[in-house]
Every structure is written in C-alpha cells, then in structure tokens.
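Dear colleague,

Please find below the structure that I am handing over to you, with its sequence.

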Amino acid sequence: MDLHTVIEVRDARDRAPWRPGDGWLGGGTYLFSEPQPHLRRLIDLSRMGWTPLQEHADGSLETAATCTIAQLSRWARQASFPAAPLFEQCCRAFLASFKIWNMATVGGNLCNALPAGPMISLTAALDGTCLLQGQDGTTRRLKVTDFVTGAGQKALREGELLRSVTLPARSLALRTAFRQVSLYGLGRSGALVIGTVDPVDKSFALTVTAATVRPFRLWFPLPPSAARLRAAIEHAVPDDAWFDDIHGLPAWRRHMALRLAEEIRRELADVADRADVADLEEGDPR
C-alpha cells in the first residue's frame, strides 16, 4: 500500500517534538496493508537497538515491542520452561505468511488491539505488563488486560509508545492449555481461549480473546467446576463485549468460547490430577 499522505519517515533515535499526523512504525505490516489518511509522518523504531528478548535476574521475561514474531518463535522453541509451548501456539495463530512473521512485531500486534491479535492472547494469559514511555521520557506500567480496552482501542496517550512487555517468572512456570477456532480452515481466529494452572498453589486462570472486543482474564484460587466457570464467564463478559464482524457472529463466538473453556478446564484438571499422583508416588508428604 502506497501511503501517499506520508511526507516524511524519521528515525526514532533523532528526537523531535510529536505533532499531529505522527505515527510509530514498527514492522509496518498493518500500516502498509490499508490506507492511513490521518498519517503525515512515520517515526521508525526499527533502529532503536532494543534487545528482542531479555531474561532478568528475577526470572521474568521482557519482550521488546520491536521483537518480531519470527524472533519470538525461534527463542520459544529452544526454551525449556513449562509455558514455552504456548508461545509457539500463539505465534502459529497468526493468519500470516513467513514474510509477515519476519516483519510483524509483538508491540505492533498489541497496539493494533485487534480482538484476534495472538500476542494479546499470549501476554494477557501470562499476566503480562506493558511498559509505556511518553515523549518526555516518563514511563508507566499497565497490565495487558488494561492496555487493550476495546476492538482497535488501547490505553496509549498522545505520543506515547509501547516499549516492552514483561512476563513474570511465575507465569513462565504455569501449565497451559490452548484452544482456537475459526469459521474457516485458515481463517482469522473467531475465539482463542487459554487456560493456566499454577503448580505452586493450584490456582486456575482462563483468558478469553478473539471472541471478545478485549481480553478477559478470570482467576480462581482452585480449578472451578463446569457450572462455576461458565457462570464466571457469563458474568465477566457483558453481552456487548462479544465481537461481531464477518469472521463470526456474537452468539457463535460466545458459544465457542464457552465450549473451549470447558475443554480447557477438563484438560488442566486431568493434568493436575496426574501431577498430584506422580508427586505422591515420589514421596510427596501431602
């Protein structure tokens, strides 16, 4: 797509006052996919030199906004922590060619705030926190579930950028279960649901995305019953939060989200039961 309204592309390392018509350029896979008549200048983040993925001393994982999907996938395939398979599952949830994979960024997927954004699904399910940076250098932090506020809507202020997303060490140790459904064999996600169980305290969390206009993460101190889980989803997600577009009607998305949630509940309950048996057989004193 030729963005004929853009008259300048500026390196983000060269600081200049933010002005109307400015926009951040990460991988550009969305920006150059359709007209952007409101843009006059692009501020290119690709040369900022941010480390794509950084493991901190406390065990947390910080992913730069400019980290590409290909970089994240390669890194996750070599990782050994329990939640590692979820990274690849979410990367594969993209409706994208290898060319998009090598350009699309984690930050761009979050900032587009599309319901089917799989990086939103991944980081919300693992209790991620966004680091936001203003034009004056000040920073603030928001949970991913608070950063994405609606379909195409996010909590960015004028001129503010998403610097990185950090996943806590405890989230990387979670047992996970992943479900995705589309109206078409290779279509955009109509519902994407992720469940997690904490092996330490046995708490259970369920994150609903793609089917809803924003991510919903529900937490339970212990794995819930089928009835309790369904009631919690129906209570947490208002009727107008089920997404409606050509890729699925709200009633279908709600039905599939509830169905996938129950599949995940059963899967993780079985995993937890097997883990308990294994611990007892190994001499766990419980």
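Please note that this is a predicted model.

Val 193 stands opposite Val 208, which belongs to strand E13. Val 193 is also the bridge partner, in E12, of Arg 179. Another pairing concerns Val 197, whose bridge partner in E13 is Phe 204.

**The sheet**

These pairs belong to an open sheet of four strands, ordered E11-E12-E13-E14 and paired in the antiparallel sense. Its edges are formed by strand E11 (175-181) and strand E14 (216-220), each of which pairs on one side only. On average, and with direction ignored, neighbouring strands of this sheet are turned by 10° against each other.

The antiparallel pairing of E11 with E12 runs over seven bridges. Strand E12 (residues 191-197) is joined to strand E13 (residues 204-209) over six bridges, again in the antiparallel sense. In general, strands of a sheet pair through backbone hydrogen bonds, in either a parallel or an antiparallel manner. The hairpin of E12 and E13 has six residues between the strands, and within this hairpin Lys 202 takes a positive phi near 70°.

How many residues of E12 are buried? Seven of its seven residues are, and the strand is thus mostly covered. In a regular strand, side chains alternate between the two faces of the sheet. Both faces of E12 are covered: one side carries Ala 191, Val 193, Gly 195 and Val 197, the other carries Leu 192, Ile 194 and Thr 196, and all of these are buried.

**Helices across the sheet**

Which strands does helix H5 lie across? Helix H5 (residues 118-125) lies across E12, E13 and E14, and runs at about 20° to E12. Helix H8 (residues 226-236) lies across E13 and E14, running at about 140° to E14.

Helix H5 is largely enclosed by the rest of the structure, because eight of its eight residues are buried. The buried residues of H5 are Pro 118, Met 119, Ile 120, Ser 121, Leu 122, Thr 123, Ala 124 and Ala 125. Just after this helix, Asp 127 takes a positive phi of about 60°.

**The cavity**

The count of cavities of 30 Å³ or more comes to one. The largest cavity has a volume of about 50 Å³. Its lining consists of Thr 63, Leu 72, Phe 87, Val 106, Met 119, Leu 122, Thr 123, Val 165 and Leu 167. The elements that give two or more residues to this lining are H5 and strand E10 (161-167). H5 gives the most, with three residues.

Thr 176 is found in strand E11. Is this residue buried or exposed? Thr 176 counts as buried because its relative accessibility is 18%, the cut-off being under 20%. Leaving aside neighbours within four places in sequence, Thr 176 is in contact with Ala 83, Leu 86, Gly 195, Thr 196, Glu 267 and Leu 268. Between Thr 176 and Phe 204 there are 9.9 Å in space, C-alpha to C-alpha, and the two are 28 residues apart in sequence.

Ser 189 lies in the loop between E11 and E12. With a relative accessibility of 4%, Ser 189 counts as buried. Its side chain is joined to that of Gln 180 by a polar contact of 2.6 Å. With neighbours within four places in sequence left aside, the contacts of Ser 189 are Ala 93, Ala 116, Gln 180, Val 181, Ala 210 and Arg 253.

Glu 88 has its place in helix H2 (residues 84-92). Its relative accessibility of 16% means that Glu 88 counts as buried. Which side chain does the side chain of Glu 88 meet in a polar contact? The partner is Ser 73, at 2.6 Å.

With kind regards

Key:
Residues numbered from 1 in each chain as written. Predicted model: local features only at pLDDT ≥ 70, side-chain atom pairs only at ≥ 80, totals over all residues. Heavy atoms only, no water. Pairing = 2+ DSSP bridges. Axes fitted to C-alpha atoms, helices over the stretch in contact; angles between N-to-C directions. Contact = heavy atoms within 4.5 Å. Buried < 20%, exposed > 50% of the residue type's maximum accessible area, 1.4 Å probe, protein only. Polar contact = N/O pair within 3.5 Å; in protein donor to acceptor, adjacent residues only side chain to side chain. 1 Å grid on protein atoms, 1.4 Å probe; cavity = no way out; pocket = protein on both sides within 12 Å on 5 of 7 lines; lining within 4 Å. Points joined across faces, edges and corners; volume = space filled by probe spheres on them.
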